[in-house]
Amino acid sequence: MTNPTAKNYDLKTMSKVITSTVASLGLGAVPTAMKRYVTFISMNNTTLQQNVLYICSAASSATTTTPTLASAAAKYSRQLEVTETDQLPRGSPDPEHPLFSIAAGAYMNALTSKGTCRLFMQYYDQ
């Protein structure tokens, strides 16, 4: 019997340039009876204007094709200043305290409001 309070430390990472065209993060759907826990996000706004990054939970990419739709489905959104770089958490990632989770069967998509943003994420499925 497994311990239900034990955390999975099989951490995975993904890195992708996000634009104002919705992007699948290439992680596939969250497996049945599991959740995807995001423990770290690093964002680098490479646009020479303010930009909003949306990270969404969605049934498909079609549900997050505009900033309005992405805002409604967002698990995380952040307005980034001109060429701003930021990360969450500010210190070291802590798998015991994930930033957010994505439910089984859902996909994680991302979109920006205006231009490009480099996104790096650490996550695990459990």
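Cys117 is buried in this predicted model, at a relative accessibility of 0%. The sulfur of Cys117 lies 13 Å from the closest cysteine sulfur, which belongs to Cys56, and this is too far for a bond. A disulfide is a covalent bond between the sulfur atoms of two cysteines. Here the cut-off for counting one is a sulfur pair within 2.5 Å, and the count of disulfides comes to 0. Cys56 accordingly takes part in no disulfide, its nearest cysteine sulfur being that of Cys117. Cys56 is also buried, with a relative accessible area of 0%.

Asn45 belongs to strand S3, which covers residues 36–45, and at 1% relative accessibility Asn45 counts as buried. The side chain of Asn45 reaches the backbone oxygen of Glu81 at a distance of 2.9 Å.

Thr83 itself is found in the loop between S5 and strand S6 (85–88). In contrast to the buried Asn45, Thr83 is partly exposed, with a relative accessible area of 45%. When residues up to four places away in sequence are set aside, Thr83 touches Asn44, Asn45, Thr47 and Leu48. Another position can be related to Thr83 by distance: Ser101 is 18 residues away along the chain, and the C-alpha atoms of Thr83 and Ser101 are separated by 27 Å.

A pair of aromatic rings is described by the distance of the centres and the angle of the planes. The model contains 2 aromatic pairs. In one of them, the ring centres of Tyr37 and Tyr124 are 5.3 Å apart and the planes meet at 25°, so the pair is stacked. Because Tyr37 lies in strand S3 and Tyr124 in strand S9 (residues 117–125), this pair ties together parts that are 87 residues apart in sequence. Tyr37 counts as buried at 16% relative accessibility, and Tyr124 counts as buried at 0%.

Phe40 and Phe120 form an aromatic pair that is edge-to-face, with 6.2 Å from centre to centre and 70° between the planes. This pair likewise links distant parts of the chain, with Phe40 in strand S3 and Phe120 in strand S9, 80 residues apart. Phe40 is buried, at 11% relative accessibility, whereas Phe120 is partly exposed, with a relative accessible area of 32%.

The description now turns to a sheet. An open sheet is formed by 4 strands in the order S2-S8-S4-S5, and the pairing is antiparallel. Strand S2 (23–24) and strand S5 (74–80) stand at the edges; each has a single partner strand, so one side of each is left without a neighbour in the sheet. S2 pairs with strand S8 (residues 107–112) in the antiparallel sense over 2 bridges. Within this pairing, Ser24 has Asn109 of S8 as its bridge partner. At the other edge stands S5, and the loop between S5 and S6 is the one that holds Thr83.

Technical notes
Residues numbered from 1 in each chain as written. Heavy atoms only, no water. Pairing = 2+ DSSP bridges. Buried < 20%, exposed > 50% of the residue type's maximum accessible area, 1.4 Å probe, protein only. Polar contact = N/O pair within 3.5 Å; in protein donor to acceptor, adjacent residues only side chain to side chain. Phe/Tyr/Trp six-rings, centres within 6.5 Å; stacked < 30°, edge-to-face > 60°. Contact = heavy atoms within 4.5 Å.
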